[in-house]
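I am keeping short notes as I look through this model. The entries follow the order in which I looked things up.

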Amino acid sequence: MPGPVLSSEPGDSVEPDQLYDAYVFDLDGTIYLGEEFLPGAERLVRELRRRDIPVRFLSNNPTKDPAQYAEKLDRLGLPTPVAEIANTVVVMVRWLLEHHPGKTVYPIAEEPLVRALAEAGVAMSEDPAEIDIVIASYDRAFEYRKLQIAFDAIWFHQRAILVTTNPDRYCPFPGGRGEPDAAAIVAAIEACTGATLAKNVGKPDPDMLTAALAGVDVDPRRAMMIGDRLGTDIQMAVNTQMASTLVLTGDSTRAEAEALPEANQPTYILERVDHLIPAPLRAELGWTD
Ligand SMILES: [Mg+2]
């Protein structure tokens, strides 16, 4: 029997006062930054698992596939099955197979997405006369030649649509730096073609949450989405009426959250991700931070 819906009104308390039935975590800026866990992240995940509460991870970053994320979590000391990680590589391939079977794509993307497309049997081409779908992704080998192919397929041949893996402007790095992300590639193609993006499969699209919670038998309204970005992590939770927590360890700030219309605000805003465990339980566990 499902229990009561746990989503509460934005701003009605500082920290969650109860555990949820499942937790979906963003990775970069939420669980780790660079090669370091963020404060409390490791003990939080261990404690949730100890209580048999499903934990899933979700990333918009298409420069790695889930197996590479699993390797990283393993290396950092938190072994995680590949099936418990979803990202835009997986979701883009699924979306293409479901909505555009048999179409020819041109991925402006790094090796993990290209490899996943090949393994799924998706046709790929660099010939603009054959391309049905241009995938603009986070591609650190982006160059004028690729822009020209996209331009010819979309503008000259008037046949290709433009889609993206993720709408992120930049990927955060330790020390406050970052790296231009897929939004920059999308903007370059839109600027020269006049085309408008037809689909984003990454957060905040609800397809991502569906992928993350695949096989988890809980009511999404009793699950919690946790992330560091308002426009992606939190907006996806808002779009699916799921409770959400903004952690202030990555991109978005408390001021940015509080400036949003109430309907778009996270349910909770936390300085530390392990404050998802209610304070009385933290005291029992001897967690003093
Ligand atoms: Mg993040």
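**Domains.** I started with how the chain is divided. Domain 1 takes in 22-60 and 203-285, and domain 2 covers 89-200. The model is a predicted one, and I read every entry below with that in mind. I then looked up the spacing of the two parts: taken over C-alpha atoms, the centres of domain 1 and domain 2 are 27 Å apart. To their contact, domain 1 brings twelve residues and domain 2 brings twelve residues. On the side of domain 1 that touches domain 2, α7 gives the most, with three residues. By class, I noted three nonpolar, five polar and four charged residues on that side of domain 1.

**T88.** Next I went to T88, which sits in helix α3, residues 88-99. Is T88 buried or exposed? I found 34 other C-beta atoms within 10 Å of T88, and since 20 or more are needed to count as buried, T88 is buried. Which residues does T88 touch, leaving aside neighbours within four places in sequence? I wrote down N60, P62, T165, N166, V201 and G202. For V201 I also looked up the distance: T88 and V201 lie 113 residues apart in sequence, but their C-alpha atoms are 6.8 Å apart in space.

**Helix α5.** I turned to α5, residues 144-156. Its buried residues are K146, A150, F151, A153 and I154. I asked what these buried residues of α5 pack against. After α5 comes Q158, and the phi of Q158 is positive, near 55°.

**α5 against α6.** I followed up the helix partner, α6, which spans residues 182-193. The two helices pack at an angle of about 50°, and their axes are 10 Å apart. That angle makes α5 oblique to α6. The crossing of α5 past α6 is right-handed. On the α5 side, the contact is made by L147, A150, F151, I154 and W155. On the α6 side, A188, I189, C192 and T193 make the contact. Sorted by class, the contact of α5 with α6 has eight nonpolar residues, one polar and no charged ones. A150, F151 and I154 of α5 were already in my notes as buried.

**Backbone entries.** I then looked up some backbone angles. Where is the cis peptide bond that I noted? It joins K203 and P204, with omega at about 15°. P204 is in the loop between β12 (199-200) and α7 (206-212).

D52 has a phi near 60°, which is a positive value in a residue other than glycine. The loop that holds D52 runs between α1 (41-50) and β4 (55-59). I counted 6 C-beta neighbours inside 10 Å, so D52 counts as exposed.

Q241 went into the notes next. The phi of Q241 is near 55°, again a positive value in a residue other than glycine. Q241 is placed in the loop between α8 (230-239) and β14 (243-247). Is Q241 buried or exposed? With 11 other C-beta atoms within 10 Å, Q241 is exposed; the cut-off for that label is 12 or fewer.

Conventions:
Residues are numbered from 1 along each chain as its sequence is written. This is a predicted model: local features need pLDDT of at least 70, side-chain atom pairs count only at pLDDT 80 or more; totals for chains, interfaces and linings use all residues. Axes are lines fitted to C-alpha atoms, for helices over the stretch in contact, and angles run from 0 to 180 degrees between N-to-C directions. Helices (H or I, at least four residues) and strands (E, at least two) are DSSP runs, numbered from the N terminus. Angles under 35 degrees count as roughly parallel, over 145 as roughly antiparallel, 65 to 115 as roughly perpendicular and the rest as oblique. A crossing is left-handed if the near helix is turned anticlockwise from the far one by less than a right angle, and right-handed if clockwise. Two residues are in contact if their C-beta atoms, placed from the backbone, lie within 7 Å. Ala, Val, Leu, Ile, Met, Phe, Trp, Tyr, Cys and Pro count as nonpolar, Asp, Glu, Lys and Arg as charged, and the others, Gly among them, as polar. Domain bounds come from an automatic or database domain assignment.
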